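Hello,

Here is the structure I promised to pass on. My notes follow below it.

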Amino acid sequence: MSDLKKRKTVGLVLYLVLVTILTELDQITKIIAENILYKNDDIPVIKGVLEFSYLRNDGSAFGMFSGKINLFLVLTVIVVAFITYIIIRMPMTKKYYPVYLMCTLLVSGALGNFIDRIRFGYVRDFIYFKLIDFPVFNVADCYVTVSVILLIISILFVYDEEDFKFLSSKKINDTEDAQESVEKDIIDENGDSKIGQ
């Protein structure tokens, strides 16, 4: 197996492991919040600013579009499938590590709330910024919000169109220029190339 294929295999396995861990972390925080807060008083974290307040939300992130659960289930499947496709095609080089991590975070958040909607028909929220009366949210919402903001900034100011040629319909190994670009990144990381050894 070539160095490129090994990197892509390791990257995909690590992606699956990280998504599982982050999704499970989100589910654990929701279970704890439900056990402690359901039908009980809110718990102040910073008085007048931040508190834990349990809410069952049948909308999207931060309670938007309440009642559209079937739409969100379909959208989640599409988003997760598309992001996973990006991960599979993405060259596993230092240049793309930030995108890799942002995509992993986004899928973890999407799956965290997807599991709630499938199991309960609603999402368990419990973090409330009382100071600005911000809608109650959860850890999965944090994953999604942070990753989307960082992805937008990266696409607008860090990467350019050429950096996403790997999403072309042609396989990346079928394009000589793309192959050379990946090999160059590996050389930059390691000081010498392992390609073809």
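How many bridges join strand 1 to strand 2? Three, and the two strands run antiparallel. Strand 1 covers residues 43–46 and strand 2 residues 50–57. Strands are DSSP E runs of at least two residues, helices H or I runs of at least four, both numbered from the N terminus. Two strands pair if DSSP finds at least two bridges between them.

This is a predicted model: local features need pLDDT of at least 70, side-chain atom pairs count only at pLDDT 80 or more, and totals for chains, interfaces and linings use all residues. Residues are numbered from 1 along each chain as its sequence is written, and side-chain values use heavy atoms, with hydrogens and water left out.

Back to the hairpin. Isoleucine 46 stands opposite leucine 50 in strand 2. Three residues lie between the strands, and glycine 48 takes a positive phi near 80°.

Next, the cores. A nonpolar core is a set of buried (under 20% relative accessible area, 1.4 Å probe, protein chains only) Ala, Val, Leu, Ile, Met, Phe, Trp, Tyr and Cys residues joined through side-chain atoms within 4.5 Å. The largest has 19 residues; Tyr15, Ile83 and Met90 touch the most other members. Helix 1 (3–37), helix 2 (69–89) and helix 3 (97–120) each supply at least two residues of this core. Helix 3 gives the most, with seven. Another core, of ten residues, lies apart from it and includes Leu37 and Phe126.

Beyond neighbours within four places in sequence, tyrosine 15 is in contact (heavy atoms within 4.5 Å) with residues including Ile83, Tyr100 and Val107.

Best wishes

Key:
Buried means under 20% relative accessible area, exposed over 50%, partly exposed in between (1.4 Å probe, protein chains only).
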